[in-house]
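Please read the points below with the structure open beside you.

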Amino acid sequence: MTKSELLEHIAEAIRTEESATQVYLTHIHAIIERSGLPDDATARLRKTMAALIAANTNHIGRLQQQAERIAEAPCHVYEE
């Protein structure tokens with residue numbers, strides 16, 4: 001895989017993570033609010049959503065760091 005191909009795969013992974021975060025923030029939040037579940041259940045769901053969003057944000061940062069490191073590296077071909 002060439003450097004540019006690898007960087008494109010990382011960029012796509014970042015876009016996927018960002019999309020997932022938007023889904024968590026909008027659609028799932030709306031579903032929880034309209035679910036009619038007891039307050040303790042919705043509180044646990046909100047806490048879980050916050051953990052998912054934090055994990056996605058952390059992963060996006062790691063992907064960005066990896067992309068920067070690869071972009072600066074002299075290697076142009078990456079093998080499995």
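**Notes on the salt bridges**

1. In this predicted model, D40 has a relative accessible area of 46%, and because this value falls between the limits of 20% and 50%, the residue counts as partly exposed. Its partner in a salt bridge is R44, and the closest N and O atoms of the two are 3.6 Å apart. R44, for its part, is exposed, with a relative accessible area of 53%.

2. Which side chain meets that of R46 in a salt bridge? The partner is E33, with an N to O distance of 2.7 Å. This pair links distant parts of the chain, since R46 lies in helix α2 (residues 39-72) and E33 in helix α1 (residues 3-34), the two being 13 residues apart. R46 is partly exposed at a relative accessible area of 37%, and E33 is likewise partly exposed, at 42%.

3. A further salt bridge joins the side chains of E8 and R15, at 2.9 Å from N to O. E8 is partly exposed, with 45% relative accessibility, and R15 is also partly exposed, with a relative accessible area of 38%. These two residues, together with E12, are linked in a network of salt bridges.

Methods:
Residues numbered from 1 in each chain as written. Predicted model: local features only at pLDDT ≥ 70, side-chain atom pairs only at ≥ 80, totals over all residues. Heavy atoms only, no water. Salt bridge = Lys/Arg side-chain N within 4 Å of Asp/Glu carboxyl O. Buried < 20%, exposed > 50% of the residue type's maximum accessible area, 1.4 Å probe, protein only. Helix = DSSP H or I, 4+ residues; strand = E, 2+ residues; numbered from the N terminus.
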